[in-house]
Amino acid sequence: MLEIKNIHKTFNPGTINEKHALNGVSLTLDDGDFVTVIGGNGAGKSTLLNAIAGTWQVDEGNIIIDGIDVTKLPEYRRARYLGRVFQDPMNGTAATMEIQENLALAKRRGKIRTLLPGISGKEKEEYKELLKILDLGLESRLTAKVGLLSGGQRQALTLLMASLKKPKLLLLDEHTAALDPKTAAKVLETTDTIVARDSLTTLMITHNMRDAIAHGNRLIMMMNGKIIFDIKGEEKKKLTVEDLLHKFETVSGEEFANDKALLS
Amino acid sequence: MGLTLAALADAMPGAVAQGLIWSIMAIGVYITYKVLDIADLTVDGSLCTGGAVCLMMIVNGHDVWVALIGATLAGGACGLVTGLLHTVMGIPALLAGILTQISLYSINLKILGQSNRGLMAIAYDLPVTSREVNDALIFLAITAVLIIVFLYWFFGTERGCSLRATGCNENMAKAQGINTNVNKVIGLAISNALVGLSGALLTQYQGFADINMGRGAIVVGLAAVIIGEALFGRLFKNFALHLLSVVIGSVFYYIVLQTVIWLEFDPDLLKVLQAGVVAVFLAFPYWKGKYFKKIKTSKKGGVTNAGN
Ligand SMILES: Nc1ncnc2c1ncn2[C@@H]1O[C@H](COP(=O)(O)OP(=O)(O)OP(=O)(O)O)[C@@H](O)[C@H]1O
Ligand SMILES: [Mg+2]
């Protein structure tokens, strides 16, 4: 489904701020893989997701989604294959537009925008049904402006939008990090529900090791722009937070103890 | 010249007509400034382009209506140039607009052939002239309504919705597969097409086109948008009504302007007054935010924040 071959990305090359943020990352995801991604601050996790999404072009390497080489495609052209939820709840939705208008925009992801109506009556009914799985009462607020929603509600809506037109790959960048623990748990639960319902191939970044272990069928750890640990199947099921910390310490030779991850 | 109320009343229909003409430009400004979130300075040039094209087409024997369409298209072309400067050449939108505006000064001079040219209103069958203000008022009101209806339809289409998303949250728009660059170009073109039409109507109304007729147009447009918002922002929620509030804002602005002139305010100082009023209105949300924050913290924090 996703094939990443030896990608590199350097920010601000040739300046004092030069940063080799992706240093030869290769990764192959099978259909229906749900991969959690962990790693310290600045490890290159977001950069990896941005490389896939096409926020900018990589310097080297190839990105192939479902057999199509998208390495050179601009962000908006790749979007047809991708569902995305960002860390900042403000980022994934258009605040001045209605809930149903946001959903209608997502429904047309990857399609040429025509002069046909932006939303049809039939769609509205459909969205009402879909919003029910979020269990946030949004189904009765179709015409409310998204800017009126809470961060958690917006994030749940973004998740729904990302999966509305089944993506080949779902990219989640710490999409619960900005939420309070209870809301975060709820959004994660919805994530599981949606991913399972549509058997979506998913990459989910998280800072929470417990979440990384509890969700998905595969886990990768990144450091200094590289994947340093990759575990799946039965082995991953047996994984504990201690295992991960130990692994991190042996590879990095650093204490990971003061990271937020331990506390949560 | 005394301050007779009769004189003011006489001037009112004209003020309303001018307000309606400029409201078409203000709607254009609304599209860029409010919908696309771009401050587009092309308008100062494209207004005159519309006027010049319309005038030259009429004096060269074209039908008045064809001339209006020509002016609209010419305005749209100006917006297209700014859009391409911005998206293809990566020039910041504000600067792209200024570059187009500056080059339009020369182009407008070339179109007009001189810096000022008259249009004999009696020689042609013009839909808007200051000689027949009542007819002009009806025509302009209908035009404004038709434009609002058109834009209401357009911004409800798939393409129109994607334009609104582009202005509201570009990241989100891209993630939804929207080509935001194309949308910005489309938005700038539509906006300046309206500005061109407005310039054409203004030329017909006043009976001449002048190289400086668009100077400060952006300020008038912003004033209309801001006044409309201040008057009806809380009341009007629907997009069509928002546009209507811009029209009313523009008319209101010209009525006030006429009154100021009637009060024998020094006309040389009008522009500084205009800019000052707009500056204050633009500052309002900022000041309001600051002011309310202070009240909140001082209420919560009680004595601790007494050093105000
Ligand atoms: N657009 C950019 N321009 C310059 N440098 C960047 C850019 N994006 C990321 N970087 C740098 O690349 C490195 C990796 O950043 P990245 O955002 O991928 O980290 P991360 O693993 O997501 O960390 P976090 O857990 O803090 O989100 C960092 O040093 C960061 O400063
Ligand atoms: Mg990150």
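Which residues of chain B form one aromatic cluster? Select B:Y30, B:F150, B:W153, B:F154, B:F155 and B:F239, and the cluster is on screen. Rings of Phe, Tyr and Trp (its six-membered ring) count as a pair if their centres lie within 6.5 Å; planes under 30 degrees apart are stacked, over 60 edge-to-face, and the rest tilted.

Before going on, note that this is a predicted model, in which local features need pLDDT of at least 70 and side-chain atom pairs count only at pLDDT 80 or more, while totals for chains, interfaces and linings use all residues. Residues are numbered from 1 along each chain as its sequence is written, chains are lettered from A and ligands numbered from 1 in the order in which they are written, and side-chain values use heavy atoms, with hydrogens and water left out.

**Stop 1: helix α1 of chain B**

Select residues 5-35 of chain B, which make up helix α1. Helices (H or I, at least four residues) and strands (E, at least two) are DSSP runs, numbered from the N terminus. Centre on B:M12, where α1 bends by about 35°; the bend is the angle between axes fitted to the seven residues ending at a residue and the seven starting there. A proline, B:P13, follows within four residues.

**Stop 2: aromatic pairs in chain B**

Over all chains, the count of aromatic pairs comes to 11. For one of them, select B:W22 and B:Y254: they are stacked, with 6.2 Å centre to centre and 20° between the planes. B:W22 sits in helix α1 of chain B and B:Y254 in helix α10 (residues 239-262) of chain B, so the pair links parts of the chain 232 residues apart. B:W22 counts as buried at 7% relative accessibility, and B:Y254 counts as buried at 9%. Buried means under 20% relative accessible area, exposed over 50%, and partly exposed in between (1.4 Å probe, protein chains only).

Next select B:W65 and B:F139, a tilted pair with 5.7 Å centre to centre and 55° between the planes. B:W65 lies in helix α3 (residues 64-87) of chain B and B:F139 in helix α5 (residues 133-154) of chain B, so the pair ties together parts that are 74 residues apart in sequence. B:W65 counts as partly exposed at 46% relative accessibility, whereas B:F139 counts as buried at 19%.

**Stop 3: B:H86**

Stay in helix α3 of chain B and pick B:H86. What does the side chain of B:H86 reach? The backbone nitrogen of B:A93, at 3.4 Å. B:H86 counts as buried, with 16% relative accessibility.

**Stop 4: a nonpolar surface patch**

Select B:F265, B:L269, B:V272, B:L273, B:V277 and B:F281, which form a nonpolar patch on the surface with about 450 Å² of accessible area together. Patches are made of residues with over 30% relative accessible area and no salt bridge; like charges are joined within 9 Å, and nonpolar side chains (Val, Leu, Ile, Met, Phe, Trp, Tyr) within 5 Å. The areas come from the Shrake-Rupley method with a 1.4 Å probe; for residues, only the protein chains shown count as cover. B:F265 is in the loop between α10 and α11 (270-301) of chain B and counts as partly exposed at 30% relative accessibility.

**Stop 5: salt bridges**

Side chains of opposite charge can pair when their charged atoms come close. The whole structure has 18 salt bridges over all chains, each a side-chain nitrogen of Lys or Arg within 4 Å of a carboxyl oxygen of Asp or Glu.

- Select A:K168 and A:D66, which meet at 3.1 Å, N to O. A:K168 is in the loop between α5 (151-164) and β7 (169-173) of chain A, and A:D66 in the loop between β4 (60-65) and β5 (68-69), 102 residues apart. A:K168 is partly exposed at 32%, and A:D66 is partly exposed at 37%.
- Select A:D230 and A:R218, which meet at 2.7 Å, N to O. A:D230 is in strand β10 (residues 226-232) of chain A and A:R218 in strand β9 (residues 218-223), 12 residues apart. A:D230 is partly exposed at 38%, but A:R218 is buried at 5%.
- Select B:E170 and B:K174, which meet at 4.0 Å, N to O. Both lie in helix α7 (residues 170-175) of chain B, four residues apart, about one turn of the helix.

Finish with A:R108, A:K111, A:E123 and B:E158, which are linked in a network of salt bridges.

Methods. Polar contact = N/O pair within 3.5 Å; in protein donor to acceptor, adjacent residues only side chain to side chain.
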